[in-house]
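Here's a quick briefing to read with the model open beside you. Start with the strands, then move on to the helices and the core.

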Amino acid sequence: MTKNNKDKTVVIAYKGVDEHSYIKDWGINGAYSFLSKTIPLQFKDAEKLYYDVINKLGNSAKDYKIDFAGYSLDGNLAQLMGAKYGNETVTFNAYGAEFMKNADIIYTDNIINYGHKYDKVYNMRNTEQIGKNIYTKNENDEDLIRNIKKYHEMENMGDLKKKIL
């Protein structure tokens, strides 16, 4: 969580799978969610964090704008949080959450999803992203062609200012 008192903004960033929790997070929870078309098991934790932030802000919570961000599996959590609560949301290489059963999809105009043009995770269900999709590419894409996993990594998304619409 990042808090900016000057702008009265809090950003809750859901981290995504890392190399130390890959099997547990993506292999078990992500695959289960993806295959069963149900909300990821971590969604309850994402909601709890949101309410913890509101409680920590106390009476001043109403004065703050709380945004969500997420990458990969946790990009889906951010999408689901943004769709349910209406907060501005930005995701990176999420696999899409619109297909999930019993998801509370109330808001969609508040969500922007950045996905690498060649990322297999993002493109697997790119029509099922909640919100607006923006494709990116990296100047060195040709160098990555032999390693598909690299396209999914944040550092290979390229300059987001040079997005492909």
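**How the strands line up**

S2 and S3 run parallel to each other, paired over six bridges. Strands pair here if DSSP finds at least two bridges between them. This is a predicted model, where local features need pLDDT of at least 70 and side-chain atom pairs count only at pLDDT 80 or more, while totals for chains, interfaces and linings use all residues. Residues are numbered from 1 along each chain as its sequence is written, and side-chain values use heavy atoms, with hydrogens and water left out.

**The overall layout**

- The chain has six helices and six strands; helices (H or I, at least four residues) and strands (E, at least two) are DSSP runs, numbered from the N terminus.
- Reading from the N terminus, the order of elements is β-β-α-α-β-α-β-β-α-β-α-α.
- Of the 165 residues in the chain, 47% are buried, where buried means under 20% relative accessible area, exposed means over 50%, and partly exposed lies in between (1.4 Å probe, protein chains only).
- Take the contacts between residues at least 6 apart in sequence: 52% of them join residues at least 24 apart, with contact meaning heavy atoms within 4.5 Å.

**Strand pairings**

- S1 (residues 2–4) runs antiparallel to S2, joined by three bridges, and Thr-2 sits opposite Val-11 in S2.
- S1 and S2 make a hairpin with four residues between them, and Lys-8 in that turn has a positive phi of about 55°.
- S3 also pairs with S4 (residues 89–92), in the parallel sense over four bridges, and the bridge partner of Tyr-71 in S4 is Phe-92.
- Getting from S3 to S4 takes the chain through H3, and this β-α-β crossover is right-handed: with the strands pointing away from the viewer, the path from the first strand over the helix to the second runs clockwise.
- S4 goes on to pair with S5 (residues 111–116), again parallel, through four bridges, with Thr-89 opposite Ile-111 in S5.

**Helix H2 and its buried face**

- H2 has 15 residues and spans 21 Å from its first C-alpha to its last, close to the expected 21 Å; the expected span is 1.5 Å times one less than the number of residues.
- Its buried residues are Phe-43, Ala-46, Glu-47, Tyr-50, Val-53 and Leu-57.
- Seen down the axis of H2, those residues fall within an arc of 120°, so they line one face of the helix; the arc is taken from the directions from the helix axis to the C-beta atoms.
- That buried set packs against S1, S2, S3 and H3.
- On the face of H2 turned away from the buried side you'll find the exposed residues Lys-44, Asp-45, Asn-55 and Lys-56.
- Gly-58 follows H2 and has a positive phi, near 60°.

**Phe-43 up close**

- Leaving out residues up to four places away in sequence, Phe-43 touches Leu-77, Leu-80, Met-81 and Lys-84.
- The C-alpha atoms of Phe-43 and Ala-78 are 9.0 Å apart, although 35 residues separate the two along the chain.

- H3 is mostly covered, with 11 of its 13 residues buried, among them Leu-73, Asn-76, Gln-79 and Met-81.
- From first C-alpha to last, H3 reaches 19 Å, close to the 18 Å expected.
- Just after H3, Gly-86 takes a positive phi of about 85°.
- The largest nonpolar core has 27 residues, and Ile-12 and Leu-80 have the most contacts inside it; such a core is a set of buried Ala, Val, Leu, Ile, Met, Phe, Trp, Tyr and Cys residues joined through side-chain atoms within 4.5 Å.
- S2 (9–14), H2, S3 (65–71) and H3 (73–85) each supply at least two residues of this core, and H3 gives the most, with six.
- Not counting residues up to four places away in sequence, Ile-12 touches Leu-49, Tyr-50, Val-53, Ile-66, Asp-67, Phe-68 and Ala-69.
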